[in-house]
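Please look over the model below before reading my notes. The points follow the packing, then the rings, then one backbone feature.

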Amino acid sequence: MDAAWVGLLAAAVGVGGTLGSAWLTQRRNDVARREEWDRVERSSLADRADRRTQERLAARSAAYTAFNATTRNYLAYLNDHVHALQRGAAETDALGALETARKEIRQIYAEAQLIVPDTVLTELRQAHLSTAQAYAILSRLSRGTAEDGDDIDAAQHSINRCWDVLFQVRATMRADLNVTGPSYE
């Protein structure tokens with residue numbers, strides 16, 4: 001081979017190497033950008049999932065707090081009504097307050113049905129039914145339409161059972177929120 005061909009071959013290899021190097025560098029940069037984009041996208045998806053989880057947890061926490069507070073309030077009104085019946089006076093104010101508390105607990109229960117997990121909903125349903133049973137006894141006693149077994153003691157026993165159910169529901173709600181056990185903070 002003469003010197004011209006060697007020079008031409010060397011120039012071709014040099015140009016090919018330069019172009020190949022640029023191409024490989026560009027290829028590596030594209031791969032690196034794609035990997036970075038995928039990492040950012042995964043991170044963004046994870047952040048959105050975490051936000052949704054936190055929002056759901058906050059919604060459940062609010063629903064649980066409202067249900068617990070409203071149920072406790074309702075049970076206090078039921079108990080007040082028992083005392084009014086014991087005094088022989090079905091006070092209009094007590095009946096009105098009881099009916100208002102009943103409407104509030106029904107509303108809170110309806111809202112909770114849409115956001116709480118099934119395990120908690122089962123217990124909420126039990127609490128709701130037990131308060132409805134206590135209310136039914138008191139309502140029949142107040143209207144003078146008592147059935148067999150309906151008396152002040154049965155009403156008080158029914159209310160006490162509601163408290164027991166509420167304590168169980170509260171334990172289930174706390175477990176769902178992961179706030180049971182000792183605190184180390």
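1. Start with Thr131. Leaving aside neighbours within four places in sequence, Thr131 is in contact (heavy atoms within 4.5 Å) with Thr71, Tyr74, Leu75, Leu78, Ile105 and Cys162. Thr131 sits in helix 3, residues 118-143. Helices here are DSSP runs of H or I, at least four residues, numbered from the N terminus. Thr131 counts as buried because its relative accessibility is 2%. The classes are buried under 20% relative accessible area, exposed over 50%, and partly exposed in between, with a 1.4 Å probe and protein chains only.

2. Basis of these notes. This is a predicted model, where local features need pLDDT of at least 70, side-chain atom pairs count only at pLDDT 80 or more, and totals for chains, interfaces and linings use all residues. Residues are numbered from 1 along each chain as its sequence is written, and side-chain values use heavy atoms, with hydrogens and water left out.

3. The largest nonpolar core. It has 16 residues. A nonpolar core is a set of buried Ala, Val, Leu, Ile, Met, Phe, Trp, Tyr and Cys residues joined through side-chain atoms within 4.5 Å. Tyr74, Leu75, Leu78, Leu138 and Ile159 have the most contacts inside this core. Helix 1 (3-86), helix 2 (92-113), helix 3 and helix 4 each give two or more residues to it. Helix 1 gives the most, with five residues.

4. Not counting residues up to four places away in sequence, Tyr74 touches Leu98, Ala101, Arg102, Ile105, Thr131 and Tyr135.

5. Which aromatic rings pair, and at what angle between the planes? Rings of Phe, Tyr and Trp (its six-membered ring) pair if their centres lie within 6.5 Å; planes under 30 degrees apart count as stacked, over 60 as edge-to-face and the rest as tilted. By this rule there is one aromatic pair. Trp163 and Phe167 form it: tilted, 6.1 Å centre to centre, with 40° between the planes. Both lie in helix 4 (residues 152-176), four residues apart, about one turn of the helix. Trp163 counts as partly exposed because its relative accessibility is 23%. Phe167 is partly exposed too, at 40%.

6. A backbone point to check. Asn178 has a phi near 60°, a positive value in a residue other than glycine. Asn178 lies in the segment after helix 4. With a relative accessible area of 66%, Asn178 is exposed.
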